[in-house]
Amino acid sequence: MSLTTSIRGPIRSIVRRRHRTEEATVGWLAVSPALILLTCLLFGPAVAVILFSFTDWQLGAATFHFVGTENFAALWADPPFWKALVNTCLYVAIVVPGTVALGLATALLIEASPGLRGFYRAVHFLPVMSTMSAMAVVWGTMLHPGIGLVNRALAAFGVSGINWLRDEHTALLALALIGIWQGFGFAMVLFVSGLKAVPQQLYDAAAVDGADGLLDRLRIVTLPMLGPVTMFVIILTASRAFEVFDSVRVLTQGGPNYASEVLLNRLYSESFDYLRTGYGAALTVVYLAIVIALTLAQARFIERRVHYS
């Protein structure tokens with residue numbers, strides 16, 4: 001074996017290691033801007049909120065003290081917090097099935113009708129593109145007990161005098177209906193995309209097997225094939241429903257008597273209205289933990305039931 005042959009192997013190994021090092025360096029340089037942005041905009045603030053949750057800091061104060069878990073203990077004993085948590089869960093329980101059902105029904109109707117599909121899609125998608133703060137003002141006028149369009153329409157059926165946003169029994173329901181109105185257009189677009197991906201051959205095969213009725217086609221072909229889309233819509237809708245804030249802040253401010261109080265509005269009030277920033281940070285930590293846990297549990301629960309038939 002010549003000297004050249006004996007040293008060729010180690011040289012190749014050194015060259016390969018150098019190439020791998022250069023590739024790793026280039027890779028880290030490529031992702032470093034994204035890592036810096038994530039650290040500054042996501043991870044850094046999250047760590048800061050967790051740290052502030054163990055302090056008594058008030059917004060604008062020059063000093064603060066660590067108080068351990070006192071904020072979390074106060075949160076546990078705070079009736080408005082539990083009211084906000086229950087209201088948020090009720091809001092999600094109304095908005096998610098309502099948005100999914102209405103979005104799917106609208107998508108089926110649009111795809112079943114060949115004319116003016118683009119127009120109907122645009123009309124139903126408009127609420128998604130609207131600023132909720134501005135639309136809340138419009139809804140506040142529509143739900144006015146005296147001059148509101150909703151009560152005037154109900155008066156034709158003998159129903160009158162409902163103070164939608166100032167009645168403890170209707171405030172949260174009114175907000176949930178507004179949430180459904182805003183979100184079902186996005187669900188409709190996703191379901192329309194899912195319907196277009198369903199092969200026509202499956203409907204033909206179902207018809208050959210005798211499932212040629214509308215409900216049979218929906219049960220045997222359409223709904224199973226829309227399983228992944230439905231899972232995505234449910235998770236996305238639930239996440240957005242947990243983030244409800246604008247409509248509550250503009251229309252009810254959590255009233256009357258905390259009947260429409262939700263977690264994000266409670267968080268905002270404690271942090272910026274009452275300047276109890278440490279307590280608001282503790283509430284934020286609990287809120288994030290609840291949202292993450294429910295999202296993971298929901299994804300795992302639904303994914304087990306998503307299949308193609």
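Predicted model: local features only at pLDDT ≥ 70, side-chain atom pairs only at ≥ 80, totals over all residues.
A crossing of two helices is called left-handed if the near helix is turned anticlockwise from the far one by less than a right angle, and right-handed if clockwise.

Take H4 first. Helix H4 covers residues 117–129, and its crossing with H7 is left-handed. The axes of H4 and H7 lie 5 Å apart, at an angle of about 140°. Angles over 145 degrees would count as roughly antiparallel, so H4 ends up oblique to H7. On the H4 side, the contact is made by Arg117, Arg121, His124, Phe125, Pro127 and Val128. Their partners in H7 are Trp181, Gln182, Phe184, Gly185, Phe186, Met188, Val189, Val192 and Lys196. Sorted by class, this contact between H4 and H7 comes out at nine nonpolar, three polar and three charged residues.

Now for H5, which spans residues 132–142, while H7 itself runs over residues 171–196. The axes of H5 and H7 come within 12 Å and cross at roughly 130°, so this pair is oblique as well. Here, though, the crossing is right-handed. Met132, Met135 and Trp139 are the H5 residues involved, and they meet Ile178, Trp181 and Gln182 in H7. By class, the contact of H5 with H7 has five nonpolar residues, one polar residue and no charged ones.

Definitions and conventions
Residues numbered from 1 in each chain as written. Heavy atoms only, no water. Axes fitted to C-alpha atoms, helices over the stretch in contact; angles between N-to-C directions. Helix = DSSP H or I, 4+ residues; strand = E, 2+ residues; numbered from the N terminus. Parallel < 35°, antiparallel > 145°, perpendicular 65-115°, else oblique. Contact = heavy atoms within 4.5 Å. Nonpolar A, V, L, I, M, F, W, Y, C, P; charged D, E, K, R; others polar.
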